[in-house]
Amino acid sequence: MAYLSKCLSWKRTMAIFFLPLVLSGLAPRCDFTYDVLKPSPARFRWSRLTPFKMMNRTVGLSTENNAQGKAYFTLEGQKFMIVGGSIHYFRVPREYWKDRLLKLRACGFNTVTTYIPWNLHEQERGKFDFSEILDLEAYVLLAATVGLWVILRPGPYICAEVDLGGLPSWLLRYPESQLRTTHQDFVEAVDKYFDHLLPRILPLQYRHGGPVIAVQVENEYGSFNKDNDYMEYIKEALLKRGIVELLLTSDNDKGIQSGSVKGALATINMPSFVKDSFLNLLEVQNDKPIMVMEYWTGWYDTWGNKHNVKSAKKIQDTVSSFIKYGISFNVYMFHGGTNFGFINGAHHYSRRLSVVTSYDYDAVLTEAGDYTVKYFKLRKLFTSASGFLPRLPPLTPKTVYPAVSLLLYLPLFDILPYLNKVFLNDLSIGVLNENTHYLRISKIQQDCQLLRILVENQGRINYSWKIQNEQKGLGANASINGILLTNFTIYSLDMKMSFFERLRSATWRLAPEDYLGPAFYQGTLEAGPSPKDTFLDLSNWHYGFVFINGRNLGRYQDIGPQRTLYLPGPWLNPEDNEIIVFEKIRKGFYIQTTKKPQLQN
């Protein structure tokens, strides 16, 4: 017998074959309720002030206090209430941006908020991408044409349940660099990114005729809090590059004091309307209007756990309370969308859990942009509070396609020649991960054997100080019976569009009925003349990724809760479409489609 072992520091699954003042003690808590959270007598027609109607612009989003000391927002001197919803452009097919924004407006919202993911815009150091689904400027300008204001959240750290919280993974190549601090290596990288990003944002600002009324400084830094100078640095980095609109910070109630910075409005993130949650915010600033930057309409899912849900009645009651007390707010998420490709993050509290492909979030719109009970309850509430609302956009049609048989395959190690210039031979001997550090090998032949190790990044941690140590790969020693293994040949399997273009020239083989081990499988989805949205049912497959015409739809796993993958109609060609599945464990049989997602509650 022989044993393959690894160090505890590997951290990621390795397949072999492979989140006024409480008046401290000066006054009773009830004073907070009576003095600050008084019902607002004014009826806010927040849908009246739109980018179309604000032609003469001199004063952007500001704060004022009335004679009674009640603070409120103004826009161009007019009383204003922020009623925002989060839609991340990078999680929604570009062809559906307008649909989702129109639905936000028709529900009664006046503002869209979005994070800006550094790790997607600068995947390789010094190479920036703002094209297609990453075209930030086009998204912001489109929001304006729909009649929405915009709040941008450029980070550099954003959390958002994306890989490394939106920080590019190449930052981890420099172990001495301290993420989210004023360490020289980190701020140099931030400076170069901001030098490229912010010139794109400047003309989109309110005072320059655009829809951007506020910009967030970093994100939830109070929960990290490693460097007392960091938030001031990020604030100044925005200001000196020309940001002139209202700056704000965003933290939960426990992180507000350490996460706020002078010169930026402190806002709060919360799961429900609890008056005591505002106490820490009021200790930091008691002369400014309250803004809930994130009111969580649901929660994200992780592999192996149940689908998270939150009742529509609870959402309705909480938003009703915000309106009653004149509190500006942003619902996170209004529409969650999808973690296409490999953008999902992970968290590690008691154990590591990776975020699923669907970012449905049990939000106001579903992952595929469909209406929910939450949507109609909020629209009814907003209609009664604000007045007339736009007509509802039509539903996005869904369909079912013929089942797809994946008749051709390529074993993983046959595709090495198609990579850009790891198993015992080709036999799977098991899986190593953070909980399994040793494998028992039943038989070792006397002649030389080839050990291949397939290492997968299932999503880097996106929250907490643990982001600092999220390097991936064979990061520690591997040994057999105590004998150190060295001199590995390393291949990068990035699975980008260019890789699949090269793979088309490979000699695909007829797939056997059953195959154990990682392999690519190829088939054709027949979409007919007018492709529509659908969901791929992967229930007889085990663990892998699906690509449609070279686009990465994301991961699937048989442990749930997600059982289907969203396939946007605009990503399909009329008639024939190439589907490639990379299955890590064992060959499935076919892929069916369905009009509705399958999530395990």
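The model is a predicted one, so local features need pLDDT of at least 70 and side-chain atom pairs count only at pLDDT 80 or more, while totals for chains, interfaces and linings use all residues. Residues are numbered from 1 along each chain as its sequence is written, and side-chain values use heavy atoms, with hydrogens and water left out.

Helices here are DSSP runs of H or I with at least four residues, strands are runs of E with at least two, and both are numbered from the N terminus. α10 covers residues 373–386, and its 14 residues should span 20 Å at 1.5 Å a residue, which agrees with the 20 Å between its end C-alpha atoms; the expected span is 1.5 Å times one less than the number of residues. K374, Y375, L378, R379, L381, F382, A385 and S386 are the buried residues of α10. Buried stands for under 20% relative accessible area, exposed for over 50%, and partly exposed for anything in between, using a 1.4 Å probe and protein chains only. Looking down the axis of α10, the buried residues fall within an arc of 165°, so they line one face of the helix; the arc is taken from the directions from the helix axis to the C-beta atoms. V373, K380 and S384 are exposed on the other side. The buried residues of α10 pack against β6 (83–87), α2 (97–107), α9 and β13 (328–335), where contact means heavy atoms within 4.5 Å.

Both ends of α10 have something to show. At the start, a side-chain oxygen of T372 comes to within 3.3 Å of the backbone nitrogen of K374. Polar contacts like this are pairs of N or O atoms within 3.5 Å; within protein, one must be able to donate a hydrogen and the other to accept it, and residues adjacent in sequence count only if both atoms are side-chain atoms. After the helix comes G387, with a positive phi near 110°.

Helix α6 (230–240) has buried residues too: Y230, M231, Y233, I234, K235, A237 and L238. Their cover includes α5, β9 (212–216), β10 and α7 (256–259). Just after α6, G242 takes a positive phi of about 110°.

Now to the charged pairs. The whole structure holds 24 salt bridges, each a side-chain nitrogen of Lys or Arg within 4 Å of a carboxyl oxygen of Asp or Glu. One of them joins R153 to E294, with the closest N and O atoms 2.9 Å apart. This pair links distant parts of the chain, as R153 sits in strand β8 (residues 149–153) and E294 in strand β12 (residues 291–296), 141 residues apart. R153 is buried at a relative accessible area of 1%, and E294 is buried at 4%. Another salt bridge runs between R241 and D191, at 3.3 Å between the closest N and O atoms. Here R241 lies in the loop between α6 and β10 (246–251), and D191 in helix α5 (residues 184–201), 50 residues away. R241 is buried, at 15%. K313 and D317 pair up at 2.8 Å, four residues apart in helix α9 (residues 312–324), about one turn of the helix. K313 is partly exposed at 47% relative accessibility, and D317 is partly exposed at 37%. D99, R100 and K103 are linked in a salt-bridge network.

Next, the sheet. Six strands form an open, antiparallel sheet in the order β23-β17-β24-β29-β26-β27. Its edge strands, β23 (509–510) and β27 (551–557), each pair on one side only. Strands count as paired if DSSP finds at least two bridges between them; β24 (residues 519–526) and β29 (residues 576–583) are joined by eight. A519 stands opposite E583 in β29.

Q522 belongs to β24 and is buried, with a relative accessible area of 17%. Its side chain makes a polar contact of 3.1 Å with that of E578. Beyond four places in sequence, Q522 touches residues including S405, W508 and I579.

T534, in strand β25 (residues 534–537), is buried at 0% relative accessibility. The T534 side chain reaches the backbone oxygen of T594 at 3.2 Å. T534 and L565 are 31 residues apart along the chain, with 8.6 Å between their C-alpha atoms.
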